[in-house]
Amino acid sequence: MAAAIMGGALLSASVQVLLDKIISNEFLDFFRRRKLNVSLLRKMKMTLLSDQAVLNDAEEKQIINPAVEEWLNELTQAVFDADDLLDEINTETLGCKVKARYQSLSCSAKVRNVFSSRFGRSYGMINSKSSSLIKFLL
């Protein structure tokens, strides 16, 4: 029982961390600059807020209801997946800042090419992963 409560507390904290990331100006700016679907970010925020609202009750009910426990396990995995996606976005954002700094210092083309190849991935993947996570969380 104590493990279930501790796991629930970890999940609640993880959801809060995700919400903090999603509402940050850096993430919103990143989505806008890359012409990503900002509404997906808003949907993810609203979905996480909804999930967080029922989380406390579910944490207590999981002890007596296996279906609630399974739902919490699935939600935990989805939260970890969302956290991974947001970490990828954060890495991309930091990489762009580093790239901009090096370009402004007139660094060699070789260094610029290293950064361009690392951070030049498809932003469609971010939209796709965001959509999949939202559908799963709903």
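Buried residues account for 33% of the 138 residues in this protein. The model is a predicted one. The protein holds six helices and zero strands. Read from the N terminus, its elements run α-α-α-α-α-α.

**Overall build**
- Among contacts in the protein with a separation of 6 or more, 74% come from residues 24 or more positions apart.
- The protein exposes about 8300 Å². Carbon and sulfur atoms supply 58% of that area.

- Asp83 has a relative accessibility of 24%. Buried means under 20% and exposed means over 50%, so a residue in between is partly exposed. Asp83 therefore counts as partly exposed.
- Lys21 also forms a salt bridge with Asp87. Here, the closest N and O atoms are 2.8 Å apart.
- This pair, too, links distant parts of the chain: Lys21 is in helix H1 and Asp87 is in helix H4, 66 residues apart.
- Asp87 has a relative accessible area of 32% and is therefore partly exposed.
- Salt bridges with shared partners join Lys21, Asp83 and Asp87 into one network.

**Packing of H2 on H3**
- Helix H2 covers residues 25-33, and helix H3 covers residues 38-61. Their axes come within 9 Å and cross at roughly 150°.
- On the H2 side, Phe27, Leu28, Phe31 and Arg32 make the contact. On the H3 side, Val38, Leu41 and Arg42 make it.
- By class, the residues of this contact are five nonpolar, no polar and two charged.

**The buried face of H2**
- Which residues of H2 are buried? They are Phe27, Phe30 and Phe31.
- Viewed down the axis of H2, these buried residues fall within an arc of 95°, so they line one face of the helix.
- An α-helix has 3.6 residues a turn, so residues three or four places apart point the same way.
- Phe27 and Phe31 are buried, and both also take part in the contact with H3.

**After H2**
- Lys35 follows H2. The phi of Lys35 is positive, near 55°.

Conventions. Residues numbered from 1 in each chain as written. Predicted model: local features only at pLDDT ≥ 70, side-chain atom pairs only at ≥ 80, totals over all residues. Heavy atoms only, no water. Axes fitted to C-alpha atoms, helices over the stretch in contact; angles between N-to-C directions. Helix = DSSP H or I, 4+ residues; strand = E, 2+ residues; numbered from the N terminus. Contact = heavy atoms within 4.5 Å. Nonpolar A, V, L, I, M, F, W, Y, C, P; charged D, E, K, R; others polar. Buried < 20%, exposed > 50% of the residue type's maximum accessible area, 1.4 Å probe, protein only. Salt bridge = Lys/Arg side-chain N within 4 Å of Asp/Glu carboxyl O. Arc of directions from axis to C-beta. Areas by Shrake-Rupley, 256 points an atom, 1.4 Å probe, with all protein chains shown as cover.
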